Amino acid sequence: MTSKNNGLSAALVSNLQDVLSKRKGGSVAEKEEEEEEEAPSTSIAAKEEEEDDSRPIVLVTNKDGSESPGLVSLVEALVGQGLYNVHVCAPQTDKSISSHSMTPGETIAASSVDIKGATAFEVSGTPVDCISLGLSGALFPWSKPILVICGINQGTSCGNQMFYSGAVAGAREALVSGVPSLSISLNWKKGESKESDFKDAAGVCLPLINATIRDIEAGVFPKGWSPNIEIPTSPSSNKGFKVTKQSMWRQSHSWQAVSANRHPGAGNFMSNQQSLGAQLAQLGRDASAAGAARRFTTQKKSIVEIESVGVAAKTDSRVKKYFRLEFVAKEQEHTDEDLDIKALEDGFVSVTPLTLLPKMDSETQATVSEWISKALNADQ
């Protein structure tokens, strides 16, 4: 294991090295077979779990949705150990590029879902909504788990991609609320990755999760930071853990023009995926302006359209254009071995310490201070 002292405690690194050294003798599959042979019967284990309320509570969310294989694989791995009381509060749908967005002033639904061994809800909101709700005491009978985990997410959140990532935002919201957290992502590649990789990824990061919880309980886990864990495309053949720095990498933004002919009545429509509150607000605005509104659904496109009637139509001379944003992976040369994206591409499990406050180096601080001083003096 390769590491540098930039956020991880010596105890945590020591625990991780100890656990990983014990795993050298067998594969993930072999370990699972051994655990199955030694595990008590399902009914007895379930009964013991029901009676044991003292286990640490772990709250799990993600960005991909409650039914995603990454989240399910992680929850199964956590539950399988029998060490934790696992709760899930995850988005109902994919919220990958939601960043730290929330849904204030609107009603969101939390529906129970069946994930074996866990108490689980799916929420019609963002990952940050899920964590905020989960920690509020309104959904669960507690308000502070020992650890929040956001993952296992599909696709990397390295570099500047973190700013867009709903995965990192979920963990960051927990940190804002004073709860230790970590985010986990698998470097998923289309045509190469498969669902079983999530199960392997869960096995890879489980030792670090266990070491984190042990250090939190012992009071030696470093405060004020959250590890962002990036697992390489082939989790079972990773080269070990490596503490890294956040790079400047991000996916390219590709805006594609969309013909208005592909959207009949596109001048005034809303997607069904928008919240009910937004739809009602739009209906109110149309009714106020036109006196009445008529709503109909185009089933083929799953689009809700609003058509105003009741007053003389006004000619709209504005030019309207339509675009669709896609993120495109791009190849870059990374020479710094300590960068998250470089370690990931080299087959390491990248662990990047993230904090709430940006740390500006002294040279930049001095340069900025000098510039501000000159700018203010120039205006006088």
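**Notes on the predicted model**

1. Start at the end of helix 6. G178 follows this helix, and its phi is positive, near 85 degrees. Keep in mind throughout that this is a predicted model.

2. Helix 6 spans residues 166–176 and is mostly covered. Nine of its 11 residues are buried. They are G166, A167, V168, A169, G170, A171, E173, A174 and L175. At the start of the helix, a side-chain oxygen of S165 comes to within 3.0 Å of the backbone nitrogen of A167.

3. What do the buried residues of helix 6 pack against? One partner is a helix, namely helix 5 (127–134). The others are strand 5 (147–154), strand 6 (181–186), strand 7 (225–231) and strand 14 (349–355).

4. Helix 5 is mostly covered too, with six of its eight residues buried. Those residues are P127, V128, D129, C130, I131 and G134. They pack against helix 6 and strand 5, and also against strand 1, strand 2 and strand 4 (119–123).

5. The peptide bond from G151 to I152 is cis, with omega near -5 degrees. I152 lies in strand 5.

6. T156 sits in the loop between strand 5 and helix 6. Is T156 buried or exposed? Its relative accessible area is 15%, under the 20% cut-off, so T156 counts as buried. Its side chain makes a polar contact of 3.0 Å with the side chain of E230. Leaving out residues up to four places away in sequence, T156 touches Q161, S185, L186, N187, E230, W249 and L344.

7. Now the aromatic residues. The model has four aromatic pairs. One of them joins F140 and W142: the ring centres are 4.9 Å apart and the planes meet at 10 degrees, so the pair is stacked. Both residues are covered. F140 is buried at 3% relative accessibility, and W142 is buried at 11%. Ring pairs also link F121, F140 and W142 into a cluster.

8. F221 and W225 form another stacked pair. The distance is 5.4 Å centre to centre, with 20 degrees between the planes. F221 is buried at 9% relative accessibility. W225 is buried as well, at 5%.

9. The charged end of K242 sits over the ring of F348, at 5.1 Å from the ring centre.

10. Which residues of the largest nonpolar core touch the most other members? They are L78 and I209, in a core of 39 residues. Several elements give two or more residues to this core: strand 1 (57–61), helix 4 (69–81), strand 2 (85–91), strand 5, strand 6, helix 7, strand 7 and strand 14. Helix 7 gives the largest share, 10 residues.

11. I209 has contacts with L74, L78, L147, I149 and I184, leaving aside its neighbours within four places in sequence. A second, separate core holds 13 residues. Among them are I57, L59, V123 and V179.

12. V204 belongs to helix 7 (residues 196–218). Its relative accessible area is 7%, so V204 is buried. V204 and V349 are 145 residues apart along the chain, yet their C-alpha atoms are separated by 8.7 Å.

13. A word on confidence. The mean pLDDT of the protein is 77. Of its residues, 68% reach 70 or more. Over residues 23–51 the pLDDT stays under 50, and the model has 11 contacts for this stretch beyond four places in sequence. Residues 264–277 are also below 50. Where pLDDT is low, the predicted coordinates should not be read in detail.

Technical notes: Residues are numbered from 1 along each chain as its sequence is written. This is a predicted model: local features need pLDDT of at least 70, side-chain atom pairs count only at pLDDT 80 or more; totals for chains, interfaces and linings use all residues. Side-chain values use heavy atoms; hydrogens and water are left out. Buried means under 20% relative accessible area, exposed over 50%, partly exposed in between (1.4 Å probe, protein chains only). Helices (H or I, at least four residues) and strands (E, at least two) are DSSP runs, numbered from the N terminus. Contact means heavy atoms within 4.5 Å. A polar contact is a pair of N or O atoms within 3.5 Å; within protein, one must be able to donate a hydrogen and the other to accept it, and residues adjacent in sequence count only if both atoms are side-chain atoms. Rings of Phe, Tyr and Trp (its six-membered ring) pair if their centres lie within 6.5 Å; planes under 30 degrees apart count as stacked, over 60 as edge-to-face and the rest as tilted. A charge sits over a ring if NZ of Lys or CZ of Arg is within 6 Å of the ring centre and within 35 degrees of the ring normal. A nonpolar core is a set of buried Ala, Val, Leu, Ile, Met, Phe, Trp, Tyr and Cys residues joined through side-chain atoms within 4.5 Å. pLDDT is the predictor's confidence in each residue, from 0 to 100.
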